[in-house]
Amino acid sequence: MELSNIEPQIIWKNFSKLNAVPRPSKKEEKVIEFIKNFGENLGLQTTVDEVGNVIIKKPASAGMENRKSIVLQSHLDMVCQKNSDVNFDFETEGIKMEIDGDWVKAKGTTLGADNGLGVATIMSILESSDIPHPALEALFTIDEETGMTGALGLKPGQLTGEILLNLDTEEDDEIDIGCAGGIDVTITQTYTTEPSKGQIVRIEVKGLQGGHSGMDIHKGFGNSNIILGRLLYSGLEKQNIELISIDGGGLRNAIPREAVATFSVRNANEFIEETNRLKNEILEEFAAVEPSLHINLENSTSSEKSVSEGDSRKIILVLKSLHNGVYRMSPDVKDLVETSNNVARVELKEGSLKILNLSRSSVDSSKYAVAEQLKSVSELAGMNLEFSGSYPGWKPKPGSEIVQLMEKIYVEKFKEQPQVVACHAGLECGIIGANYPEMEMVSFGPTIRGAHSPDEKANIPSAQKFWSFLKDILANIPQK
């Protein structure tokens, strides 16, 4: 079946058009132009602000002029992850999609349903002629996935809407009213390299699920960088380890799925034999949640120079010590992760080390507590650390008028109570709310699984449910 034949056809049509346009974070020039042309071709007032956000305004439909005005908001960029055996260039190619039962998937890459389905939905509202709605401002932000720079660069006074509907939530029975803030933590150091003295070993960790470093952080999935650190640490007492290279993980907001390290040891066969015992224990630990986990230890060769034994020891100890996963559960909201850290990317190349982390929390002081723990560990090892990209969380307001309206409509339509929740992901609502404190905000969306990984998939019946729900919300927005 073609995507254009799936209901609601208008959304999947626009999603297909959007996914034909390359849109990696920080490289959104093509998709900005695409959305700008889309608005202008509809004859709607379209502007691009100084950071690249696109704002398209559409007047109220007949009879809706006295309703509160709405901002429909989604982000244009997508997480770019692919399986290691897939040859794909996110900067030049469109996403290749397929239908698998009730799901839409990509072929070996992220799908971009996060947040492309939200973008496609807004496009569908903008081009419709038969959907009742108040005055609309469509806000398409850039760079949500790697810094929230679009939301951070949005200036006061650019929007006049009274209610913001963010279409970036991934469970169709949830009405999201709060989210975590975050901070990027980057550890670096440069080391002198020298010819390796021992025998070369290569460790590869692969086959992990990965996933969203906020929404999936509590699920116990494996982190390839942490597993690699455990395997290296196991050899410290008996072997003279000299690290040559490490390449693990990718983006800060994706739980890393793969990692590989090359290094020298005094006795390669002895190291492999002893470490295989730990390997088997790790495979057993993760058997229930990571059935495809694969760890390979083998003799290897390398002409590259290595970091000294002393400096290698410091790097391995840091990898073993960095906090990864849930740091604190919320004492106020049941089952909500309050604070976490994702050890997202570890790279050692020609003596240059870089470790990328993303610390999240709905409580600012707790966010800095976990970030400062990373700082303490790295400074003890003589490494440099930088905080950047900090953004605020979004404080829930469960009694707001729009939340109560959406709950009422949901119960009437679907005969069950929605889940009114706060999430551990970073949504742009908190940042936008800092400049528009009087604006009511809610986030919701269709069901998406495996966001930020090549396993990402969007549920077709859920998109139908979401589309029907959104149209009823717009039709019932209260008067000013």
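These are my notebook entries on a predicted protein model.

**Ground rules.** Since this is a prediction, local features need pLDDT of at least 70 and side-chain atom pairs count only at pLDDT 80 or more, while totals for chains, interfaces and linings use all residues. Residues are numbered from 1 along each chain as its sequence is written, and side-chain values use heavy atoms, with hydrogens and water left out.

**Overall build.** I looked up the helices and strands and found 11 helices and 23 strands. Both are DSSP runs numbered from the N terminus: helices are H or I with at least four residues, strands are E with at least two. Next I checked the radius of gyration: a compact globule of 480 residues would have one near 23 Å, and the protein's 24 Å agrees. That radius is taken over C-alpha atoms, and the globule rule is 2.2 Å times the number of residues to the power 0.38. I also noted that 56% of the 480 residues count as buried (under 20% relative accessible area, with exposed over 50% and partly exposed in between; 1.4 Å probe, protein chains only).

**Cores.** A nonpolar core is a set of buried Ala, Val, Leu, Ile, Met, Phe, Trp, Tyr and Cys residues joined through side-chain atoms within 4.5 Å. The largest one has 65 residues, and Trp 12, Phe 140, Leu 165, Ile 402 and Phe 444 touch the most other members. Apart from it lies another core of 45 residues, including Val 205 and Ile 355. Back at Phe 444, I listed its contacts beyond four places in sequence, among them Leu 165, Met 406, Phe 466 and Ile 473. Contact means heavy atoms within 4.5 Å.

I traced an open, antiparallel sheet of 4 strands in the order 4-5-23-22. Strands pair if DSSP finds at least two bridges between them. Strand 4 (97-100) and strand 22 (448-449) are at the edges with a single partner strand each, so one side of each has no neighbour in the sheet. Strands 22 and 23 are joined by 2 bridges, and Arg 449 has Lys 457 as its bridge partner.

Most residues other than glycine have a negative phi, and most peptide bonds are trans. I found a cis bond between Glu 7 and Pro 8, with omega about -5°. Another cis bond runs from Asp 114 to Asn 115, with omega near 5°. His 452 has a positive phi near 75°; it is found in the loop between strand 22 and strand 23 and is buried at 3% relative accessible area.
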